[in-house]
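Reader: I am new to this structure and would like to learn how to read it. Please take me through a few features.

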Amino acid sequence: MKAFTTHCGIAAPLLRINIDTDAIIPSREMRRVSKKGLGEGLFASSRYVMSDSRELNPDFILNKAEYANTTILLTGNNFGCGSSREHAVWALAEYGIRAIIAPSFGAIFYQNCMRNGILPVVLSNEAVMQLSDEIMQDPQKLKIEIDLQEQKVSSKKGLHFEFDIETGSKEMLLNGLDSIGLTLQYEADIKAFEQQTQKQHSWLYLQN
Amino acid sequence: MSKTLFQKIWDAHQVKSLPDGTYLIYIDRVFLHERTGSIALQSLAEAGRKVRHPEQVFCTMDHIVDTFPGRGDDTVMPSGKDFIQATRKEAKAAGITLFDIGDEQQGIAHVISPELGIVQPGLTLVCPDSHTCTQGALGAAAWGIGSSEAEHAMATQTLRINKPKLMRVWFEGELNSCVTAKDMILHLISKFGAHGGAGHAIEFAGPTVEALSIEARMTLCNMAVEFAAFTGLVAPDQKTIEYLEGRPYVPKGEQWHQAVEYWHSLVTDDDALFDTEIKIDVAEIEPTITWGTSPQHACGISQTVPELESLASEDARTAATRALAYQALQPGDKLLDLKIDCAFIGSCTNSRIEDLRKAAAILKGRKVASHVKAICVPGSQQVKAAAEREGLHQVFLDAGFEWRESGCSMCFYAGGEHFGKQQRVLSTSNRNFESRQGPETRTHLASPETVAASALNGCITDPRTMMRTN
Ligand code: SF4
């Protein structure tokens, strides 16, 4: 997994609430049994003029010149709700998104971000609005800076916000660690747990 | 100490509390499907990792597989075949149980897992699919995860997670005629918002829930995720035990008795505390339907689309404005009598035998309006077979419905079959998001009774007006 330490990048405001994973990547764009090749399908329903074309919709924010090379999204409540498809996160990552700032996230989506090196930052609605108001004045210049170690978001004109993140996920992101590997350090605990339950609740275990 | 049902299950599965404040939770069962499970199996194998307990992992073909009679590996969705064949290959290599196309136990994951007794009270079950919460109806902790988490669960038989907050939604009172579990959950979401249950494991309880059948409880729990909940669940009771007895994967003999004894302990203690409690008198609920593009955009069927000023926040007004433009509706529009183009009875929300019976009771001897394309897709091959034994398929066919093989089908658009642009669909599924059922398709969610009644009249119809007196 790609590590996340600090990031300074162009942010784009997508200030709707309840942007679901179908909107982030429509099902029809998930063509292969692969985590790759999904970036092109990101936001396909709004990014292209027609669902079956690749002609860019000039009104969609990420297609505008001011927002070229966006790496941070500023968005509304419950971003990433809906379907559990991790393809939404793989598509965002492939497009180049490194962080998403929202008042809240869909729970499965939030975890999926953590597992794929995208930092989901929870800030109040007001903070998201203040950041958006500022960057909109000149998106290419007024970049946003995120420091994961310090848990801080700051803007060029001096806005500062702190955010919470659980320490395990933070460590994993900072060091680009693989969560399966980390968990397997607890192999002895898992084994002991299995032996104990097998005694107590033997019916839980299916035999082939 | 007094504990809630969820707390009891959680405690019984806690392998370790980790230094970062999360928990290592033991996972008893993993369920996969060909759309997200294929990639999890493949990626696990590529990383050189093994499935720790293949006998606890199950997989079905439900999302991409066609539902036309005589189906095979080919799909209307371009490249669907790749998903199907990759899943078959990976499932075999991993040594897990696959309910393949043509298998009489095949069906939608959340329909067949309870039907086969794979999910049981008190156990933990995860699936890379958001509607896994459906299975909480059996008194299990069952929740949806991403593909990477599914890999983690298969490789380690655990997940590292935060403990969700606890909520109880208490339903009491007598249900009005034609009001079902679907209407209860739509009502709840419309009242408290699509974000209302965020971060919570929700126990649905109270006399009305106790009176619901197990299948209706599945409908209720199914949409917990549309309420942004971590999961939903219902305490097991005598009905749960009777439902499970004799199903293929439940314990047998002495083990059955031990299990039942344990299941009896899985109730919320009298003075256990929840972080949040909601109480709803179901007498206030009428058949409920959505008007917009979020499950929270729902109201009683006799009501009108709300005026924007009545909505709580600027965000909600902006979202509603966009939703109404998409749905080609205006504030103040009446929902009753609105012309529909299609009707869909199916999905993990409402595709079980009781759902089909209720719809058939309304359809019997009647015909779907000639301009309506109507499709019924049983949730599993076993549901389909049971319906055919009762002759329900004939009722659907005679009324003008298509009768399909089981799967997710038109619940979502995978890139294959869909209802068509700007078509207004009355659907028993759980998501009315933009383009969920196809590009620009306009979805209204409702119960099987409401969908059946509306299909007959060709417009949104209150099912109470179509009930027979005999
Ligand atoms: S029926 Fe619909 S909601 Fe249910 S699992 Fe299938 S696609 Fe998802």
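This is a predicted model: local features need pLDDT of at least 70, side-chain atom pairs count only at pLDDT 80 or more; totals for chains, interfaces and linings use all residues.

Author: Residues are numbered from 1 along each chain as its sequence is written, chains are lettered from A and ligands numbered from 1 in the order in which they are written, and side-chain values use heavy atoms, with hydrogens and water left out.

Reader: What are the bounds of the domains of chain B?

Author: Domain bounds come from an automatic or database domain assignment. For chain B it gives domain 1 (5–163 + 237–264), domain 2 (165–234 + 268–284) and domain 3 (294–466).

Reader: How many residue pairs are in polar contact across the interface of domain 1 of chain B and domain 3 of chain B?

Author: A polar contact is a pair of N or O atoms within 3.5 Å; within protein, one must be able to donate a hydrogen and the other to accept it, and residues adjacent in sequence count only if both atoms are side-chain atoms. Eleven residue pairs, both residues at pLDDT 80 or more, meet the rule across this interface.

Reader: How much area do domain 1 of chain B and domain 3 of chain B bury between them?

Author: The size of an interface is often given as the accessible area lost when the parts come together. Buried area is that loss (1.4 Å probe), summed over both parts. Here the two domains bury about 1900 Å², 59% of it on carbon and sulfur atoms. In domain 1 of chain B, Thr67(B), Ile108(B) and His131(B) lose the most area to domain 3 of chain B, together 30% of what that side buries.

Reader: Is Phe99(B) buried or exposed?

Author: Buried means under 20% relative accessible area, exposed over 50%, partly exposed in between (1.4 Å probe, protein chains only). Phe99(B) has 1%, so it is buried. Contact means heavy atoms within 4.5 Å, and the residues that Phe99(B) touches include Phe31(B), Phe58(B) and Tyr249(B). Phe58(B) is 41 residues from Phe99(B) in sequence, with 7.8 Å from C-alpha to C-alpha.

Reader: Which side chain does a polar contact of 2.8 Å join to that of Glu29(A)?

Author: The partner is Arg54(A). Glu29(A) is buried too, at 5% relative accessible area.

Definitions and conventions: Lists of a residue's contacts leave out its neighbours within four places in sequence.
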